[in-house]
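Visitor: I am new to this structure and would like to go through it step by step. Please show it first.

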Amino acid sequence: MKQPFPFSAIVGQEEMKTAMILTAIDPSIGGVLVFGDRGTGKSTAVRALAALLPPIKRVEGCPVNSETAKAVPVWAGLETKKVSKAPTPVVDLPLGVTEDRVTGALDIEKALTNGEKAFQPGLLARANRGYLYIDEVNLLEDHVVDLLLDVAQSGENVVEREGLSIRHPARFVLVGSGNPEEGELRPQLLDRFGLSVDVASPTSVDDRVEVIKRRDAYETDHEAFMVRWRAEDALVRGQIEAARGAIHRLKTTDSALRDIAALCLKLGADGLRGELTLLKAARAFAAFREDTAIGRDHIRAVAPMALRHRLRRDPLDEAGSGARVSRAVEDVLA
Amino acid sequence: MTWERATHAIALLAVDPAGLGGIVIRARHGPVRAAFLESLSLLPSPQSRLHPMMEDDAIFGGLDLTETLRLGRFVEREGLLSRSGTMVLTMGERCDATLAARLSAQVDKGKMPPLVILDEGSDPDEATPSLLIERLAFHITLDLAVDQIGILPSDYDFAQARERLDRVRTSVDAIRQITEVCLSLGIDSARAPLFALRAARANAALAGRSILSSDDIETAVAFCLSHRAVKFPSPSEDEDPAPQETSPDQCEASEQIEGPDQLGRLDDRVLEAAMANLPAGLLDGLQPRGTLGAGSGAGAKRKGNRRGRPRPSRPGVLSGRNRLDLIATLRSAAPWQKLRGAEAGRIKVSPSDFRIRQFEDKSDRVLIFAVDASGSAAIARLAEAKGAVELLLSEAYARRDHVSLVSFRGQAAQTLLPPTRSLVQTKRRLAGLPGGGGTPLAAGLVEALALAETAQRQGMTPCIVLLTDGRANIALNGDADRKAAATDAASIARHIRSHKIDTIVLDLGNRPTRDLEGLAHEMDGMYVPLPRADARRMSSAVSSALGT
């Protein structure tokens with residue numbers, strides 16, 4: 001299996017890359033929604049992200065990637081409780097997936113062979129402490145969306161079926177990508193994504209040539225290409241790790257909080273979720289930039305991605321939500 | 001596309017099946033297609049056939065119930081996609097968006113064997129989902145007569161070409177040329193130039209070259225880019241200010257072609273190659289085509305169908321009116337087999353194990369807007385109507401309704417947008433709606449009715465919203481006859497009523513029209529006179545009529 005295309009080799013797409021790095025720094029920001037036309041590198045970026053994430057410590061063989069032996073669920077029936085490092089899980093949620101595979105269900109093999117009622121964990125278990133990725137998220141069936149909404153909210157997967165009664169932690173960063181022409185997302189699902197970015201192909205010939213050159217090199221001269229970019233990726237990973245440490249020492253000033261509140265008020269973003277996400281994103285961004293306090297520059301940089309999908313839809317506004325956020329930022333943070 | 005070119009595409013695919021992904025062959029069933037499909041023998045064998053109506057398990061793999069029960073352990077059935085060789089997806093135009101997305105995911109993961117899609121669609125709207133077209137290098141339309149059938153390419157040494165493929169070098173110039181053509185044709189996807197690059201390489205390998213020539217690039221551009229064009233290149237606009245200067249430039253350029261790598265500035269020629277291949281109906285194709293998953297056919301039981309979204313199965317009693325969910329029933333029976341003392345290889349099922357399939361009954365609503373764009377509805381009124389539809393759209397979006405757009409003016413009516421949930425598409429079509437001409441009210445109603453019937457067959461609940469000033473003056477046969485026009489409209493209205501379709505008539509006239517009120521009555525619909533169409537009032541009128 002070929003290694004995924006390196007994250008740092010993606011040309012341009014700064015907003016998308018920043019959004020992904022921010023969720024890696026602070027997973028509680030709550031995921032990224034990437035919307036854009038076909039062939040703009042949406043899924044490439046998500047796959048690349050996996051290689052960039054710092055490893056996690058987890059109990060070996062634990063179906064929910066528990067951090068400590070104590071947290072391993074009883075139904076897992078683990079005997080060895082050795083803790084080791086493993087890559088952060090990035091789990092694909094394929095379209096057409098059954099509910100059973102998402103939530104987990106009765107282990108039919110054990111039931112058939114031993115007459116034993118055992119739980120077979122699903123994708124939500126595997127994604128715990130990691131990422132859950134949905135490509136073509138707007139084509140996802142409504143009943144699977146409902147499941148996700150519930151779990152993403154509570155951070156816990158509850159299975160009550162076939163005589164099973166199981167609950168396990170399911171905290172994951174939700175990453176979705178899609179093409180707006182395939183249809184819209186339900187506002188409830190939109191809201192579950194912390195950040196949202198719109199991607200488009202680069203507009204300059206030189207950038208586009210660079211895209212093709214790198215992609216071509218990745219395919220025809222794989223080894224050399226990976227060696228060249230793995231070093232860059234390691235650099236970004238180092239920055240993420242440093243930022244994770246620094247984020248707790250960051251100062252949040254009252255004036256930053258006031259700016260954030262004023263911005264959300266101005267835009268009429270519903271609920272407090274917008275404010276919280278904007279704050280977290282700005283903080284993660286400040287940490288990534290190795291600054292010591294959240295400033296207006298940080299807020300300005302992350303406001304579009306934190307707020308654009310939370311605005312009330314206005315079909316008469318041709319400019320799109322991103323432009324509305326930018327206008328509000330200009331007004332409030334002038 | 002000529003026979004030679006079409007078969008050449010297959011030859012290129014045979015050289016680099018993994019890199020080029022596959023081909024969409026758009027052709028009606030017939031001797032030409034049959035003869036052409038012989039060329040698929042050049043591709044890796046064996047051929048496996050996929051059909052859009054196949055069960056997911058058969059395509060992607062899943063639980064093999066028979067074996068699982070026989071052996072008493074979990075046995076997985078391999079899907080068709082796990083086979084090597086070539087996949088042939090027949091009736092690609094019937095492929096729905098979900099299947100297309102799942103197949104695309106396999107392509108992206110590199111788990112898809114070379115894919116050949118046979119597309120028999122006849123209308124521009126009836127096409128393979130663009131998700132899939134995007135992921136395959138080639139798209140050819142076979143519209144040849146029987147006497148244009150030629151022979152299959154046989155004089156190539158494919159084994160040698162495949163071997164040479166890795167050694168074909170690419171130059172930055174080649175990449176730049178392809179990229180520039182993409183830009184001028186409005187192609188944004190990065191996949192397109194990558195495919196073109198690979199096709200160029202395959203072409204070089206086939207011809208026994210290890211350096212790309214201008215011919216390779218022209219061939220590749222024609223094959224991979226022309227069908228993706230979203231706009232005509234506009235040299236006239238760009239070159240208008242200084243038309244004289246381009247020709248000396250070109251002279252210089254042609255001198256450079258003498259260089260060792262044979263690659264000068266041949267952008268113009270490359271562009272010509274693409275232009276020559278631009279499909280005739282390009283303007284129709286400028287709108288994103290096939291994104292709606294045209295496969296949602298009448299009567300076909302689609303899994304995600306609005307007719308009944310599968311809900312988790314429930315315990316229940318078999319009554320002949322409901323359906324047993326076999327897997328769920330066996331699942332619920334499985335744990336008790338030891339207790340019930342079942343013999344090996346047999347399953348004891350008791351009535352308490354029965355699980356009944358549940359479907360969600362509430363079907364989606366589709367709002368069909370039939371908009372009068374005639375001269376009498378006047379440009380100003382049309383603008384108001386557009387505003388109203390846009391407002392309604394935002395509400396429809398919140399309610400997850402589908403919307404569809406029909407306009408009528410001049411001699412005929414036209415479906416601008418088949419049912420969709422995409423705001424982006426609807427807004428785009430609505431913005432481009434021209435006005436003027438007569439009022440073929442009856443034709444508009446016929447078109448709306450046809451859409452409504454299709455929607456009903458798909459299990460959706462249609463509702464027609466007619467926006468007009470009611471001055472019908474074009475009859476169904478296209479004659480400018482006021483009386484016949486009114487009679488026709490009334491008879492269609494009765495048809496609509498017999499189909500029990502909800503209707504709302506919004507009168508855009510300056511004064512309420514009695515005729516229109518009568519028409520609404522014929523349809524058993526609601527009549528809302530809006531002397532001065534105010535977008536917000538109109539939208540609230542519809543909302544209250546729908547009871548939301």
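Predicted model: local features only at pLDDT ≥ 70, side-chain atom pairs only at ≥ 80, totals over all residues.

Visitor: How far apart are the end C-alpha atoms of helix α6 of chain A?

Guide: Helix α6 of chain A covers residues 142–154, which makes 13 residues.

Visitor: Which residue just after α6(A) takes a positive phi?

Guide: The phi in question is about 70 degrees. The residue that takes it, just after α6(A), is A:G155.

Visitor: What area do chain B and chain A bury between them?

Guide: The size of an interface is often given as the accessible area lost when the parts come together. Here 57 residues of chain B are in contact with 53 residues of chain A. Carbon and sulfur atoms carry 59% of the buried area, and the total is about 5100 Å².

Visitor: Which residue of chain B forms a salt bridge with A:D216?

Guide: Across the interface of chain B and chain A, the rule finds 4 salt bridges. In the one with A:D216, the closest N and O atoms are 2.5 Å apart. The partner of A:D216 is B:R201.

Visitor: How many charged residues are on the side of chain B that touches chain A?

Guide: The residues on that side of chain B include 24 nonpolar and 11 polar ones. The charged residues there number 22.

Key
Residues numbered from 1 in each chain as written. Chains lettered and ligands numbered in written order. Heavy atoms only, no water. Helix = DSSP H or I, 4+ residues; strand = E, 2+ residues; numbered from the N terminus. Expected span 1.5 Å × (residues − 1). Contact = heavy atoms within 4.5 Å. Buried area = accessible area lost by both parts, 1.4 Å probe. Salt bridge = Lys/Arg side-chain N within 4 Å of Asp/Glu carboxyl O. Nonpolar A, V, L, I, M, F, W, Y, C, P; charged D, E, K, R; others polar.
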